[in-house]
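This report works from the whole complex down to single residues. Please keep the sequence and the coordinates at hand while reading.

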Amino acid sequence: MAEHILPKRTYYTIFAILMFCTYLTWQVAYFDLGPFNTVAALAIAVFKATLVVLFFMHVRYSTRLTWAVVVGGVFWLGILLVLTMSDYLTRGWIPQR
Amino acid sequence: MLPEAVPHRASAALAHQFDTAGQQKEAATLGMWVFLVTEILFFGGLFATYLVYRNWYPEAFTTGSREMLVWAGTTNTFVLITSSLTMALAVHAAQLGQRRLLMFFLVVTMALGCVFLGIKGFEYYTEYLEHHVPGFGLPFHAEQSQHEQIFFSLYFMMTGIHALHMIIGLGIMSTMLWWSYRGIITTEYTNPIEVSGLYWHFVDIVWIFLFPLLYLIGRHVHG
């Protein structure tokens, strides 16, 4: 298997985007967007994490099996968070007796 | 002068249970990712706890997060992302067989890791002085409600375990530096550097989520 060596330029580009996004998430936090403050912060964090996984961690150039493990891990994290919150967030829906 | 590269048994750096270097590399990458998935779910449990309590006590989390040193958290985010870049460049140097450059980038990565831990330590000390450490019979100063103790408990738990991962990462990088110096890392055998890099980047990703959730959630509330 020929090793995929990324040009340094790719790393510098990703680094610049990550730095800008950090600045962005820090500045956006000072504006009152209501519930969208958290949404914006998490959206930027997910975007940054995706860039790190795809380029710094080379998953974009990895085998399908690696892809499956990575996606599987994130999917299971989703199950953990969604099913937990589907309980806690809906408790108020049933009137207290 | 660096020591000579260590000559490998038979076909360079290929362990006997593998057919090709590609297969060996895939096994190493896959193994590391399986470990990282367990780490995702390990931290996931803490993030789930955070979600549940933040949902119950949103005001306590807002006021608690306003007590964080936001300059420290932001600086540390920049520091960690820079260390991820130098880690990626270390892997790049290893792939090209540039040993001195590889060692240089490993040292820079470790130095940035130490800067991160130094700033983190300074924050912990500040929080100790401001009576924001819950438990241990210490006096706790709440801005509005004692529920802020829950926020600070989670803050110390999450950043503490993250810092522990950084310390382990520094240990791994020291080993990688030694292996690079000894000439164990060659263009045929970069797997240790690459999977160590995966670990380092993972720790960076955890911080990418911790930073907004702990430091920034209360910033938009004025007064």
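Predicted model: local features only at pLDDT ≥ 70, side-chain atom pairs only at ≥ 80, totals over all residues.

Where in chain A is the place of A:His58? A:His58 sits in the loop between helix 2 (36-56) and helix 3 (64-88) of chain A.

## Two histidines with positive phi

A:His58 has a positive phi of about 65 degrees although it is not a glycine, and, because 20 C-beta neighbours lie inside 10 Å, where 20 or more is the criterion, A:His58 counts as buried.

In chain B, phi of B:His131 is near 60 degrees, again a positive value in a residue other than glycine. B:His131 is placed in the loop between helix 4 (99-129) and helix 5 of chain B. Is B:His131 buried or exposed? With 12 C-beta neighbours inside 10 Å, B:His131 counts as exposed, since the exposed class takes in residues with 12 or fewer.

## Confidence and overall layout of chain B

The predictor gives the complex an ipTM of 0.93 and a pTM of 0.92, while chain B averages a pLDDT of 93, with 96% of the residues scoring at least 70.

Chain B has 6 helices and 0 strands, which read along the sequence as the pattern α-α-α-α-α-α. The C-alpha atoms of chain B fill a box of roughly 70 × 35 × 35 Å along the principal axes, and of its 223 residues 39% count as buried. Among contacts in chain B between residues at least 6 apart in sequence, 78% join residues at least 24 apart.

## Helix 1 against helix 6 in chain B

Helix 1 (residues 21-56) and helix 6 (residues 191-216) of chain B pack with their axes 10 Å apart and at an angle of about 20 degrees. Because angles under 35 degrees count as roughly parallel, helix 1 and helix 6 of chain B are assigned to that class, and the crossing between helix 1 and helix 6 of chain B is right-handed.

On the helix 1 side of chain B, the residues that meet helix 6 include B:Ala28, B:Met32, B:Leu36, B:Phe43 and B:Tyr50; their counterparts in helix 6 of chain B include B:Val195, B:Leu198, B:Phe202 and B:Leu213. The residues of this contact divide into 10 nonpolar, 3 polar and 2 charged.

## The side of chain B that touches chain A

Between the chains, 37 residues of chain B are in contact with 41 residues of chain A. The elements of chain B that give two or more residues to this side are helix 1, helix 3 (70-95) and helix 6, and helix 1 of chain B gives the most, with 15 residues. By class, the side of chain B that touches chain A has 22 nonpolar, 12 polar and 3 charged residues.

B:Tyr181 lies in helix 5 (residues 148-182) of chain B. Not counting residues up to four places away in sequence, B:Tyr181 touches B:Leu2 and B:Met103; the C-alpha atoms of B:Tyr181 and B:Met103 are separated by 7.3 Å, although the two residues are 78 residues apart along the chain. Why does B:Tyr181 count as partly exposed? B:Tyr181 does so because it has 15 C-beta neighbours inside 10 Å, a number that falls between the limits of 12 and 20.

B:Arg66, found in helix 2 (residues 58-66) of chain B, likewise counts as partly exposed, with 15 C-beta neighbours inside 10 Å. The C-alpha atoms of B:Arg66 and B:Ser84, 18 residues apart along the chain, are separated by 28 Å.

Definitions and conventions: Residues numbered from 1 in each chain as written. Chains lettered and ligands numbered in written order. Helix = DSSP H or I, 4+ residues; strand = E, 2+ residues; numbered from the N terminus. Contact = placed C-beta atoms within 7 Å. pLDDT = per-residue confidence, 0-100. Axes fitted to C-alpha atoms, helices over the stretch in contact; angles between N-to-C directions. Parallel < 35°, antiparallel > 145°, perpendicular 65-115°, else oblique. Left-handed = near helix turned anticlockwise from the far one by under 90°. Nonpolar A, V, L, I, M, F, W, Y, C, P; charged D, E, K, R; others polar.
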